[in-house]
Amino acid sequence: MSELPIVEFRAVNKWYGRYHALVDVSETVQRGEVVVVCGPSGSGKSTFIRTINRLEPIDSGTILLDGRDIHRAVSDVDEFRSGIGFVFQQFNLFPHLNVLDNCMLAPMSVRKLGAAEAKDRVMTLLDRVGLAHKATAFPAELSGGQQQRVAIARALAMEPPLILFDEPTSALDPEMVGEVLTVIRDLAHRGMTLICVTHEMGFAREVADRILFMDHGAVLERATPSEFFRQPAHPRARQFLADIRSPFAPAMR
Amino acid sequence: MIDLLQNYWLYFLLGQYPEGPLGGLTLTILLSVSALLLASPVGLLLGLARVSQHRALRWPVTALIFVVRGSPLLMVIFWAYFFLPSVTGQQTDQFPTMLIALAIFNGAYLAEIVRAGIQALPRGQMESARALGLSYTTAMRRVILPQALRNSLPSLVNQLVTTIKETSLGYIIGLAEVSFIASQINIQVLTMPVQVYGVLALTYFVLCFGLSRIAYALERRLARRPISSGAPV
């Protein structure tokens, strides 16, 4: 196992016009780590995670992936992206393809796998997320939770060493959150490197090795879950935790 | 009326062929099919250029489309017929002239339909395709265009039906397509303009209605498979 961190941010800044979306972010994620990013909405969590596979450009600083500067003008952006799984809040399955074809598209056209091999791999993954019986269904025929599990299988089909989740359960009905989190927890237990933006604090406490708390584009706190939930160091983190524990309190103030 | 049909049906179908050049309904169908076959890829390529990230591609194509959409087809035909030879130094035949004019004119309209279809898709479709490592081209070809074209099918067909009708403007540069032939027949017969132009109208109707029905059947078949972005949120 290499000593290089799998992801390293060095003084990364990003602006949307005059809005400073990422403020001097320096952070490392080690191979095999499970990192949960939390914070109030508009805090830069999604921007943070989207810069890791260059869905968002950055304005200064460097982001290293296995030591490679991914935001330099490189031509192999597709190649490094294929090694990073990304799961979106809105699932973003391809509605014109069935579940199997959704998952087989990238392995076949990027990895040049044969149809039989790709299908074997995808069926194994669909089985792991409990949806092998939905292989020929179209996305519109699935519930939100099922769609998100297919999206996870689709990301895994590229066998990425790193997988990013951008609020994977925020668009789901409450009763479907559990099935998706169970799949993600299973990945964590298998030793995958995960970075997950989420508001599910119970999940964070149970699964995360480390929690990053962001607000106004900056990482204000990095702590183990037990430290973070017992004794958050930053006042804004304390406020955030208080707000999500008693959601009516801010309205009463 | 029976006499009219008996005397002129062959002329109506073929023009002066085989004694002279091919014309009539056959020429109209030939021109329509070639125009559809040529305008479709032109429209697709121009549409893709319209959504390109490269300004060097996007800007000139945008300008071209605005110019073409800002002028009547008759103008485009005149330009192709009178202006093109003054550049190339030789007279272009009516058929290729008309074909080029139709391909450019309808290509410009089809391009805007293609562009709208692409831009109407949620941004997440392109993002998730690229996040999987697909190149821009592959993402376009396998993810974006199949959805965009299917969604814009009604508008695309509408434009293609229009193309069939626009072949009649070949009349103006003396192309012996079916409208031209019909007016020749009318001049020879003199007494039956309603019947002559009635048959002509019916002919266009059958062509356009036929294409519409084929497209409608295609639409229905595609609609059986789910298409809307399908995220019940």
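I'll start with one residue pair: Val37 of chain A has Leu212(A) as its bridge partner in strand S9 of chain A. Keep in mind throughout that this is a predicted model.

As a reminder, strands of a sheet pair through backbone hydrogen bonds, in either the parallel or the antiparallel sense.

Now the sheet around them. In chain A, 6 strands form an open sheet with mixed pairing, in the order S6-S7-S8-S3-S9-S10. What stands at the edges? Strand S6 (84-87) and strand S10 (218-223) of chain A do. Each has a single partner strand, so one side of S6(A) and one side of S10(A) are left without a neighbour in the sheet. On average, neighbouring strands here are turned by 15° against each other, direction ignored.

Helix H6 of chain A, residues 174-189, lies across S3, strand S7 (162-166) and strand S8 (193-197) of chain A. Its direction is about 145° to S8(A).

Next, chain B, and a helix pair. Two packed helices are described by the angle between their axes and the distance between the axes. For helix H9 (residues 178-189) and helix H10 (residues 193-223) of chain B, the axes come within 9 Å and cross at roughly 165°. The cut-off for roughly antiparallel is over 145 degrees, and H9(B) and H10(B) are therefore roughly antiparallel to each other. The crossing of H9(B) past H10(B) is right-handed. Which residues make the contact? From H9(B) they are Val178(B), Ser179(B), Ala182(B), Ile185(B), Asn186(B) and Val189(B). H10(B) supplies Pro193(B), Val196(B), Tyr197(B), Leu200(B) and Thr203(B). By class, that contact has 8 nonpolar residues, 3 polar and no charged ones.

On to the contact between the chains. Chain A gives 27 residues and chain B gives 24. On the chain A side, the elements giving two or more residues are helix H2 (77-81), helix H3 (99-109) and helix H5 (144-156). By class, that side of chain A has 15 nonpolar, 8 polar and 4 charged residues.

Last, confidence. The predictor gives the complex an ipTM of 0.92 and a pTM of 0.89. Chain B has a mean pLDDT of 91, with 96% of its residues at 70 or more. Where does pLDDT stay under 50 in chain B? Over residues 228-233, for which the model has 16 contacts beyond four places in sequence.

Technical notes: Residues are numbered from 1 along each chain as its sequence is written. Chains are lettered from A and ligands numbered from 1 in the order in which they are written. This is a predicted model: local features need pLDDT of at least 70, side-chain atom pairs count only at pLDDT 80 or more; totals for chains, interfaces and linings use all residues. Axes are lines fitted to C-alpha atoms, for helices over the stretch in contact, and angles run from 0 to 180 degrees between N-to-C directions. Helices (H or I, at least four residues) and strands (E, at least two) are DSSP runs, numbered from the N terminus. Angles under 35 degrees count as roughly parallel, over 145 as roughly antiparallel, 65 to 115 as roughly perpendicular and the rest as oblique. A crossing is left-handed if the near helix is turned anticlockwise from the far one by less than a right angle, and right-handed if clockwise. Two residues are in contact if their C-beta atoms, placed from the backbone, lie within 7 Å. Ala, Val, Leu, Ile, Met, Phe, Trp, Tyr, Cys and Pro count as nonpolar, Asp, Glu, Lys and Arg as charged, and the others, Gly among them, as polar. Two strands pair if DSSP finds at least two bridges between them. pLDDT is the predictor's confidence in each residue, from 0 to 100.
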